[in-house]
Amino acid sequence: MSSMVLDAGKILLIFAVFMQIPPLLIYLERKICAFIQDRIGPNRVGPFGILQPLADAIKLITKESITPKNVDVFLYTVAPLFVMVPAAISFAVVPVGADVKLWGHTLQLQIADFHVGILFFLAITSLSVYGLTFGAWASNNKYSLYGGIRSTAQMISYEVAMGLAVICVLMSSGTVYLREMVFAQSHTYFGFLPAWNVFHQPLAFVIFLIAAFAETNRLPFDLPEAESELVGGYHTEYSGMKFAMFFMGEYMAMISMSAIMVTLFFGGWTLPGVVDAHSTTVWNALLSVVVFGIKTGAFLIFFIWIRWTLPRLRYDQLMKLGWKVLIPLALMNLFFTAIWGLRDQIF
Amino acid sequence: MSNQKLNVREPWYIRWGILGLLKGIALTIKHFFRPKFTVQYPEVTHTPLPKEEAHQWKPRGQHRLNVDEQGRVKCVACLLCQTACPSHCIEITPGPAPEGYGDRDKYPIEFKIDMLRCIYCGMCEEACPCDAIVLTDKPYPVTYSREGMIFNKEKLMQN
Ligand code: SF4
Ligand code: SF4
């Protein structure tokens, strides 16, 4: 019984913290953008403008939520949910910290340790394309529709490359459980180099990273919402809280993607010399959560940094990169990983 | 010969944009740590001159009608500024100077400037023979109505 209470508490806590990050990220995004452009950024609301997200939230909540006349009201209303909910659910499989022993119960700091592990993540994140497409279709607006079509094409193309990159990792680590994958990366080579998958599968990491940018619709792959050509893309007609949900969904997807990249390629919450993977003390667990947070935060900042560096790709360039570069590279990587895995039988 | 240069195949890292990507990333991170250009306007005003010469810098803002030692308006209603003004926004109603004004015959009964039409060019200031009208560095006025943007003599003397 009490273990159920603990589990529920854990889930609530992880979810609550997860929901607090997007506003923080929006603040960071604006601040980093401003700094890169030699500006100061928001600095009027609270010290260093730290309360700016709060002001934004109040503005968005009190804003009129307009539903245009010719929209499909049902799809128009559920579309933002289809973006936000998968992004939030996909975080469930990410292990955020070391096991911890509390009142005689061993608690895994991971909401769900499914048998399908990473495959669940891939399946759920690709659902968010429905949100974009529904929103675009229901808006009954040509710009939105273009955005929706583009998002579909883009997500399907990059999903393939991403899946192939993940398969390479699965082959070299031999498990789909994210939890076991983290444990497998907790030791070191030569006493100093952490045994992270990024050193086993550097090419898979690069492919995954590029595909992650495309999957989360971040620049340079933000064609579905390309402001300069499509007004606002799939969310042209949205306003108020519905728009805010699209917005939150984008940031949540970014967090989930960063978290999964850390887990797959950068050893998750482990850090040799700092976190002991097999200890169950509270202190160790806290430390592991902090390590996980720092690694994920680094990725998030990288996402933002890239956004303010690179120009948007043209549509044909996007397709070319996806089908003619990433997928062949991923297949090649897969092939060589397979050969390496079977080297004993072959040679 | 000359277009041989165009056919040069660049190395793969340029063609694939990898060098450009790294350069871009380096550039943005450099700008991240640079001093910022932003001027926090209401608290700090922008002076394009270096600090030592900043006192020479004078932006052109609202006009002021100067007064002499006895508190009388300096203007002699010669209408030179009204003539010089390129946007015809000065409207002077001249009249004979009151009794006590020993040094002149005319003075402006009313002196109106339409701040909406004014382009703050400073021609009026240059035209004035007796330094009666000057442009101060007060920022452009803000009011709620068009009428409020027409400044009269009293208002201009207070500026
Ligand atoms: S500043 Fe120029 S436009 Fe304005 S009143 Fe003087 S002369 Fe006219
Ligand atoms: S302000 Fe100067 S230029 Fe204009 S009417 Fe008066 S004296 Fe003449």
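This is a predicted model: local features need pLDDT of at least 70, side-chain atom pairs count only at pLDDT 80 or more; totals for chains, interfaces and linings use all residues.
User: Let's start with chain B. How many helices and strands does chain B have?

Analyst: Chain B comes to 5 helices and 5 strands. Along the sequence they follow the pattern α-α-β-α-β-β-α-β-β-α.

User: And what share of chain B is buried?

Analyst: Of the 159 residues in chain B, 30% are buried.

User: What about contacts in chain B between residues at least 6 apart in sequence: what share join residues at least 24 apart?

Analyst: That share is 64%.

User: On to the ligands. Which residues are closest to ligand 2?

Analyst: The closest are B:C75, B:C78, B:L79, B:C81 and B:C128, out of 14 residues that surround ligand 2.

User: Now ligand 1. Which residues are closest there?

Analyst: Ligand 1 is surrounded by 13 residues, and the closest are B:C85, B:S87, B:C118, B:C121 and B:C124. By class, that shell has 10 nonpolar, 3 polar and no charged residues.

User: Changing topic: backbone angles. What is phi of B:A77?

Analyst: Phi of B:A77 is near 55°, which is a positive value in a residue other than glycine. B:A77 sits in the loop between β1 (63–65) and α3 (80–84) of chain B.

User: Is B:A77 buried or exposed?

Analyst: B:A77 counts as buried, because its relative accessibility is 0%.

User: And B:H88, what is its phi, and where does it sit?

Analyst: Phi of B:H88 is near 50°, again a positive value in a residue other than glycine. B:H88 lies in the loop between α3 and β2 (90–96) of chain B.

User: Buried or exposed, for B:H88?

Analyst: B:H88 is exposed because its relative accessible area is 59%, and exposed means over 50%.

User: Let's go to pockets. What is the volume of the largest pocket?

Analyst: The largest pocket has a volume of about 1100 Å³. Its lining has 30 residues, and A:I210, A:L321, B:W16, B:G17 and B:I18 lie nearest its centre.

User: Which elements supply at least two residues of that lining?

Analyst: From chain A they are α8 (202–215), α11 (282–307) and α12 (315–341), and from chain B they are α1 (12–15) and α2 (18–32). The largest share, 7 residues, comes from α12(A).

User: What classes are in the lining of the largest pocket?

Analyst: That lining has 23 nonpolar, 2 polar and 5 charged residues.

User: And cavities? How many of 30 Å³ or more?

Analyst: The count comes to 4 cavities of 30 Å³ or more. The largest cavity has a volume of about 170 Å³.

User: What lines the largest cavity?

Analyst: It is lined by 17 residues, of which A:S128, A:E215, A:T216, A:G249 and A:A253 lie nearest the centre. The elements of chain A that give two or more residues to this lining are α3 (73–89), α4 (118–139) and α10 (240–265). The largest share, 5 residues, is from α10(A). By class, the lining of the largest cavity divides into 9 nonpolar, 6 polar and 2 charged residues.

User: How far apart are A:P23 and A:W103 in space?

Analyst: A:P23 and A:W103 are 34 Å apart, C-alpha to C-alpha, and 80 residues apart in sequence.

Technical notes:
Residues are numbered from 1 along each chain as its sequence is written. Chains are lettered from A and ligands numbered from 1 in the order in which they are written. Side-chain values use heavy atoms; hydrogens and water are left out. On a 1 Å grid over the protein atoms alone, a cavity is a set of points where a 1.4 Å probe fits but cannot get out, and a pocket is an open set with protein on both sides within 12 Å along at least five of seven lines; lining residues have an atom within 4 Å of a point. Grid points are joined across faces, edges and corners, and a volume is the space filled by probe spheres set on the points. Helices (H or I, at least four residues) and strands (E, at least two) are DSSP runs, numbered from the N terminus. Ala, Val, Leu, Ile, Met, Phe, Trp, Tyr, Cys and Pro count as nonpolar, Asp, Glu, Lys and Arg as charged, and the others, Gly among them, as polar. A residue is near a molecule or strand if one of its heavy atoms lies within 4 Å of it. Buried means under 20% relative accessible area, exposed over 50%, partly exposed in between (1.4 Å probe, protein chains only). Contact means heavy atoms within 4.5 Å.
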